[in-house]
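Hi,

Here is the structure I promised to pass on to you. Have a look at it first, and then read on for what turned up in it.

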Protein chains: 2
Amino acid sequence: MSEGTSRPTMHDVARVAGVSHATVSRVLNGHTNVAPATARAVADAIVTTGYVPNRAARSLRVQSTDTVVLVARENVNVFYTEPTLSPMASGANLRLSEHGYQMLLALVDSPRSAERVGSLIAGGSFDAAILVAMTNEDPLVARLMTTNIPLVTASTPFPGSDIPSADTDNVGGARAITERLVATGRSKLVAIGGPAWAPVTPMRLEGFHQGAKNAAIGHTAVDGWTMAAGQRAMSELLERHPDLDGVVAASDLLATGAMRVLNEAGRRTPQDVGVVGFDDAPVAALNDPPLSTVRSDARATGIALADMVVAQIRGQELPQRHVVIPNDVVWRESA
Amino acid sequence: MSEGTSRPTMHDVARVAGVSHATVSRVLNGHTNVAPATARAVADAIVTTGYVPNRAARSLRVQSTDTVVLVARENVNVFYTEPTLSPMASGANLRLSEHGYQMLLALVDSPRSAERVGSLIAGGSFDAAILVAMTNEDPLVARLMTTNIPLVTASTPFPGSDIPSADTDNVGGARAITERLVATGRSKLVAIGGPAWAPVTPMRLEGFHQGAKNAAIGHTAVDGWTMAAGQRAMSELLERHPDLDGVVAASDLLATGAMRVLNEAGRRTPQDVGVVGFDDAPVAALNDPPLSTVRSDARATGIALADMVVAQIRGQELPQRHVVIPNDVVWRESA
């Protein structure tokens with residue numbers, strides 16, 4: 001940044017991020033042909049330098065629209081059938097109505113859609129935005145962080161940002177279901193964590209260790225939220241810890257993969273090995289045996305997000321920058 | 001209307017509608033403290049006179065937003081759990097994405113919400129609007145008809161308007177399920193129609209008569225889409241036609257009320273009387289015995305609405321002003 005009183009510029013951002021001026025411009029203008037890690041570096045540099053773009057344009061945006069957009073980066077079919085997104089949108093919509101705001105829902109399912117929605121938000125079409133199913137790697141998030149539109153995210157806090165957030169209790173949920181598994185007499189537990197890049201991975205592993213205490217004998221990470229990843233992780237853990245009698249997986253799909261490998265190895269669920277997951281995805285109840293898991297209260301998360309975003313619009317102080325929503329253990333036959 | 005070349009004015013609209021200038025103004029400005037029949041009369045008078053409001057303001061709206069709003073007048077909780085609205089929104093969203101448009105979903109659940117969404121649409125925030133779960137009595141519809149924003153409705157055609165529309169095949173669905181009932185050996189059929197004000201009522205009754213032919217021995221209307229209305233109608237029909245052996249109801253809730261009355265009268269379903277409904281609402285499968293009904297393809301309706309609204313935005317001729325979407329008979333134990 002230059003000396004004295006001068007404001008940070010796009011060149012400062014480019015220098016700190018170690019990218020070209022043109023790349024910073026692309027991120028700021030919402031182009032999606034930018035690698036996630038690059039977009040992330042630019043967003044971090046914006047925070048570090050305190051760069052504020054379009055100061056003049058932003059000062060013009062004084063007119064309130066009394067609308068809040070809920071943006072979900074999700075396939076349209078998935079959004080309406082997935083167990084948490086619709087209740088979250090419903091909870092947010094109801095509470096925003098109570099606060100006197102009209103919610104508009106925008107599903108972002110393509111780079112083109114991301115550009116369009118980013119432009120609407122950056123252009124002041126809404127008073128605020130609730131971001132759902134997005135990570136801090138998302139170029140749309142990087143772009144929105146450069147506006148002065150109030151934002152909240154349905155997620156763990158984004159590293160390097162101060163965007164308020166609300167999420168299910170990842171640590172507490174994992175701890176509670178692990179304690180329940182221990183209470184059934186299991187004493188040699190392993191955990192299948194999520195991918196290293198997922199913010200929930202360390203939290204669910206932390207909950208596992210809090211709940212398992214001395215019964216924890218090992219854990220591993222995976223490269224994706226897929227059943228195949230769960231199968232690979234289970235094979236590896238079985239080899240390392242052939243005497244294991246309990247598995248705590250960071251998602252239901254990982255747990256499903258794990259159960260398949262255990263079955264092939266002649267280890268019965270739940271007789272020989274108890275298995276639990278997280279999310280209460282549709283696959284959980286359909287598993288044979290049905291999977292014990294953690295069910296999030298997505299509606300309560302939506303309500304919390306609405307409260308937080310309205311408080312920001314009104315310039316009120318938030319009691320907490322990150323709100324943790326309690327969840328429930330759903331105990332079924334797999335453990 | 002005045003003589004010569006002068007354009008129709010709000011006074012012309014007021015005169016034709018038989019209301020005050022202030023009332024016309026209230027309707028045009030989206031106030032909701034207007035009786036539905038009055039709003040309707042104003043809308044009709046706008047069509048009759050050819051009145052075009054805000055000509056200057058409208059000519060300013062030249063900028064395309066590449067967005068389409070889907071407005072559903074529905075309780076938020078109902079929207080996300082009701083069997084047809086989510087699939088309709090999902091189908092419209094997917095097809096709009098294919099056409100290069102971003103869909104925004106707005107649920108209108110209060111007069112305040114109706115005013116806000118009406119203002120956004122009238123103000124040119126979107127290129128077009130898809131109207132769902134609305135009737136031609138809705139003040140929001142009357143207001144939107146005075147704009148030049150392309151509209152489509154998920155409904156039967158609105159009387160006195162040329163808004164393009166798409167809807168499930170009310171006549172064909174009622175005919176098909178009635179024919180199926182006749183095929184089970186029933187020969188003395190009655191119909192419980194919907195409320196007189198509902199546009200689908202005459203269509204579903206027409207389908208009943210087409211399917212029943214000589215087996216039709218009577219029908220009645222109701223005052224609302226409620227189970228209690230179905231009970232009252234069934235009591236009346238049982239008194240008039242004690243030998244009836246089949247009931248075709250215009251909705252599943254009406255059918256549920258009818259089954260309750262039949263049960264109290266000692267007439268078993270399906271042994272003594274076969275009962276069928278319409279909609280495949282959640283109550284249908286939960287009934288004892290489960291209800292035979294007509295299932296709409298709401299997703300196909302959403303896709304058709306998206307195609308129609310995009311054609312209008314692009315100034316293309318619509319092959320049909322009203323599109324009828326085929327539906328399926330779902331045959332269960334009640335008949």
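Predicted model: local features only at pLDDT ≥ 70, side-chain atom pairs only at ≥ 80, totals over all residues.

Let me start with the build of chain A. Its secondary structure consists of 14 helices and twelve strands. Along the principal axes, the C-alpha atoms of chain A take up a box of roughly 65 × 45 × 35 Å. The radius of gyration of chain A is 22 Å, which agrees with the value near 20 Å that a compact globule of 335 residues would have.

Of the 335 residues in chain A, 53% are buried, with under 20% relative accessible area as the cut-off. Chain A has an accessible surface of about 13800 Å², and carbon and sulfur atoms account for 52% of that surface. If you look at contacts in chain A between residues at least 6 apart in sequence, 73% of them link residues at least 24 apart.

Then there is the partner chain. Interface size is often expressed as the accessible area lost when the parts come together. Between chain A and chain B, about 2200 Å² is buried, and 54% of this comes from carbon and sulfur atoms. On the chain A side, the residues that lose the most area to chain B are Y80(A), Q102(A) and R116(A), which together make up 27% of what that side buries.

Enjoy exploring it!

Best wishes

Notes
Residues numbered from 1 in each chain as written. Chains lettered and ligands numbered in written order. Heavy atoms only, no water. Helix = DSSP H or I, 4+ residues; strand = E, 2+ residues; numbered from the N terminus. Rg over C-alpha atoms; globule rule 2.2 N^0.38 Å. Buried < 20%, exposed > 50% of the residue type's maximum accessible area, 1.4 Å probe, protein only. Contact = heavy atoms within 4.5 Å. Areas by Shrake-Rupley, 256 points an atom, 1.4 Å probe, with all protein chains shown as cover. Buried area = accessible area lost by both parts, 1.4 Å probe.
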